[in-house]
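I opened a structure I had not seen before and kept notes as I went. Here is what I looked up, entry by entry.

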Amino acid sequence: MKIIPNSCVKEEMLKVLGSSSINDLFDDIPSSIRINNLDIPSSKTQQEVEAHLRVIASKNKTYYDTPCFIGGGQPHYVPAVVKALLSRSEFYTAYTPYQSEASQGFLQAMFEYQSIITGLTGMDIANASLYDGATALGEAALMSYRINKRPVFLIPEGISYEKKSVLRNYTKGANITIAEVPYNEQRGTINIDALTSMMSSDVAGVYVENPNFFGVFEEDVEEIGRIAHDNKSLFIVGVDPFTLGLVKRPGEYGADIVVGEGRGLGSMMELGGCGLGLFACRYEYLRQMPGRIIGMSKDADGKRAFCMTMQTREQHIRRERATSNICTNEGLCALAAVIYLSWLGEEGLTDLGLINLERGHMLYDSIRSINGFERVFDGVHFNEFVMRYNGDAYKVNKKLIKHGFQGGLILEPFYPKLSRCLLFGVSEIQTDDQINGFLRVLKEVA
Amino acid sequence: MYHMACYDEPLINELSCENKRKDTMTHSLIPASLRRTTKLDIPTLNEVEVIRHFTRLSQMNYGVDIGLYPLGSCTMKYNPKISEEISRWERFTALHPYQDESTIQGALQVLHETEMMLCEITGMDAFTLQPAAGAHGEFTGLLLARAYHEKKSDSKRDEVIVPDTAHGTNPASAAMAGYRVIEIPSNSDGTVDLTALSKTLSDRTACFMLTNPNTLGIFESDILEIARLVHDAGALLYYDGANMNAILGKTRPGDMGFDIVHLNLHKTFSTPHGGGGPGAGPVGVKKHLKRFLPVPRIKKMKDYYSFDYDQPDSIGKIHGFYGNFSVILRAYIYILLMGKEGLSEVSDIAVLNANYMKKRILDSGYYDMPYKSLRKHEFVLSCERLHKEKGVRAMDVAKRLLDHGLHPPTVYFPLIVKEALMIEPTESESKDNLDKYINALISIAKEDPDLLSKAPYSTPVRRVDEVNAAKNPLLTYRMINKECINKDSTVKCD
């Protein structure tokens, strides 16, 4: 194996340079900071590396080995079609498509991605991806502030700890205050009275998740949008794309910006890595949008052609006045999403949504009927939900692992109000046998 | 002669078959106020059509696996296939981020060992792997700088200094972190002007951001003096690791005096760019900044790995979870493959290749290279003479290279070089490939300016009108065709 050529022609090349040694080329580094050796292992062969990684891999248990009923984001099935197309190295070994003539394939696919995301969300325009759902929310808050220069951004109290933390970091520089709207403790939805009382001319935007982190649909989402708009604030909606075959699209209930985590659309969960930040908005905010945008144009012969566009918003042109610092995004994950969605189609997405909804409700009913568990919210949920357990949830989860299952996410560390509460979730990924097995064991150990 | 595959490939929306189901489906469980009543605007294709459509698109796309891709500051090196294969193993991909630690010991080991090896390679004391790209790393680094100064109640530091050769992300990240950006001009060598730096540094300076070697490919030989000036002013020194490929095993940012470092795993550590991501932009710091790193930290106690959220001074989170895991895994595999000798050889050959190309191109007499002569892994040519004498622009040269089946360099950057071509061949290219590229650049310089101004000729489309694209934005299928009917066929999608 040799992945660095030219070792054998070094001398010849050095002669052209008039140098006798490669070391001469490093003469400009002061000798006091030159090093001779790195303290890392010596080179291994490919076979050795593979063997080493096999040992490491064996220490992981996948959500197939150990069926997972953890809430806070669900894995979804990735069809072989997506994997096959994503392994085309013309796609994955390309850079950001600066040279459009040699990147028409990726550019067209990203244009199609933008088209499909706007179709899915009912919005006018979408960018070509951000890092993940959490950073997309951060960018949405910054964009709201750029649009109306108001210093407060409202979020529901019940969004994930991770998103809250990322959002705070994203908005620190602009000095935006993040205020949390409490949830209705019965429904698990936004407390509308509290929201109304928090509105003021300082509010840049109101963020709502539908369904929210507790898995509950925000039934009054249209009213929330009205409250935001009556106050001349922006209305930002976070979506789970797997619900969009079933519920109204945010564009139909007045959203100004839509964000979300799109990882499930054709990408594996990968420990939460390689996310896909969905970002769509109304056309009038195009110039305030962060991230890459692909446009359709014509070539010199008048033929349809694609290129990156609206680049004067971006860091490589606008530098410190750019709408965002983002450069490298999640292009390949966006490609996975457009392949996945065009393969699944509207019908497939709707059916998949139904499976997730029905399984979510089946699991909810089953766990609720187990001694020791009680529901926390009575709002309508999708494929995730919160249950309170009147014993030691940590012990139950440990026992479940011994039996080869992963139980709910314990919410208490991040939501002290939700003591003894667990967030469960399910999707099409588990088999019926796995679900039944899980319920059987849960009944035993709880 | 080179010809790229060319299809008049319709958009997926134009290929879409009619939906079988006429009515919209919903479910009685969904609250009435939320039930979907309209159709989704998404296409439906059968599997064969999906495969053919995207395979055709892939053939109209240029990647490193097709040929030389010498974008300056982008380090488009070969991406070893073994990394691709292993990173797709289910044992690494089918993992939920909230799984119990005991079930992801292998993944945590990869994260922990990668952190340790990056510390050694850069001379830093601790790393976070959370940032998803270089710019994301910069932003993280600047939030760390902010937390550091705030902790010392040194709150009036609201400025970040960058040289005029800095990547655009540097000032953009600084602005996003809430800083005022001050740009200082380079000196006649193309390096940091120490006088300008001293004058600009003050008790308002939070950080000085520097790429070393810089974007001209020049090593900042005064780096120790720069570090002294920055630290004497109470500020921090930030290392943009975009050009780390030049100095692996030769010197380390930590030894140069940098306090914060970000790396681009999708550049130096060979993970593929994916057509613009996912990447990874890990951030390394010296001891005095470690307590501010994002949570969770990966902790190792006797051979057991766990997440540690108990970091009271941490800035919190910067990514939804732990970073782009499969990218980090590929970099881990690459470091093991190369080992210490291999990484050092990477920089040997990357620098040799760049200097060889530079010498032969300059010897041809058609292109110029302003500023200092000895370069590291990249160099910036100027086409200004071609422009003045023949009206040929850097963009024309770039587009004509495509007709040779070669990817153009970065153009018009850094901004201080007129008609710039920024070339970074990397260590992956053989001398033969370099010679082809050199000869192509020389033959292009001799060509008819009219011919060049209309290049390329052998790509799927000819030169794209980017001005029109920005003036009349067409950004979705709906915007170009509201009727949703492909006029060239009988297939209707609604």
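**Entry 1**

I began at A:P211, which sits in the loop between β4 (203-210) and α9 (221-230) of chain A. Helices (H or I, at least four residues) and strands (E, at least two) are DSSP runs, numbered from the N terminus. The model is predicted: local features need pLDDT of at least 70, side-chain atom pairs count only at pLDDT 80 or more, and totals for chains, interfaces and linings use all residues. Residues are numbered from 1 along each chain as its sequence is written, while chains are lettered from A and ligands numbered from 1 in the order in which they are written.

A:N210 and A:P211 are joined in cis, with omega about 0°. I found a cis bond in chain B too, between B:A455 and B:P456, with omega about 5°. B:P456 belongs to the loop between α16 (449-453) and α17 (466-471) of chain B. I noted the background: most peptide bonds are trans, and most residues other than glycine have a negative phi.

**Entry 2: positive phi**

Next I looked at phi in chain B. B:T75 is not a glycine, yet its phi is positive, about 45°. I located B:T75 in the loop between α2 (47-59) and α3 (81-87) of chain B. Is B:T75 buried or exposed? B:T75 is buried, because 29 other C-beta atoms lie within 10 Å. The cut-offs I used: buried means 20 or more other C-beta atoms within 10 Å of a residue's own, exposed means 12 or fewer, and partly exposed is in between, with C-beta atoms placed from the backbone.

B:E419 has a positive phi as well, near 50°. I placed B:E419 in the loop between β11 (410-411) and β12 (420-423) of chain B. B:E419 counts as buried, because it has 22 C-beta neighbours inside 10 Å.

**Entry 3: chain A as a whole**

I then stepped back to chain A. I counted 13 helices and 13 strands in chain A. The C-alpha trace of chain A spans about 80 × 55 × 50 Å along its principal axes. Of its 446 residues, 60% count as buried. I also looked at contacts (C-beta atoms, placed from the backbone, within 7 Å). In chain A, among contacts between residues at least 6 apart in sequence, 72% join residues at least 24 apart.

**Entry 4: domains**

Domain bounds here come from an automatic or database domain assignment. Chain A has domain 1 (80-340) and domain 2 (345-445). Their C-alpha centres are 28 Å apart. The contact between them takes 17 residues from domain 1 of chain A and 20 residues from domain 2 of chain A.

Chain B has domain 1 (82-338) and domain 2 (346-470). In chain B the two C-alpha centres lie 30 Å apart. I found 19 residues of domain 1 of chain B in contact with 17 residues of domain 2 of chain B.

**Entry 5: where the chains meet**

How many residues does the contact take from each chain? It takes 153 residues from chain A and 172 residues from chain B. On the side of chain A, helix α11 (residues 331-368) gives the largest share, 15 residues.

**Entry 6: a sheet in chain B**

I traced an open sheet of 7 strands in chain B, with mixed pairing and the order β1-β7-β6-β5-β4-β2-β3. Its edge strands are β1 (126-128) and β3 (180-184) of chain B, each pairing on one side only. From one strand to the next, the twist averages 25°. Two strands pair if DSSP finds at least two bridges between them. Strands β6 (residues 260-263) and β7 (residues 283-285) of chain B run antiparallel and share 3 bridges. One residue I followed was B:H262, whose bridge partner in β7(B) is B:V283.

Leaving aside neighbours within four places in sequence, B:I260 is in contact with residues including B:G141, B:L144, B:Y238, B:V283 and B:V285.

Terms used. Two residues are in contact if their C-beta atoms, placed from the backbone, lie within 7 Å. Axes are lines fitted to C-alpha atoms, for helices over the stretch in contact, and angles run from 0 to 180 degrees between N-to-C directions.
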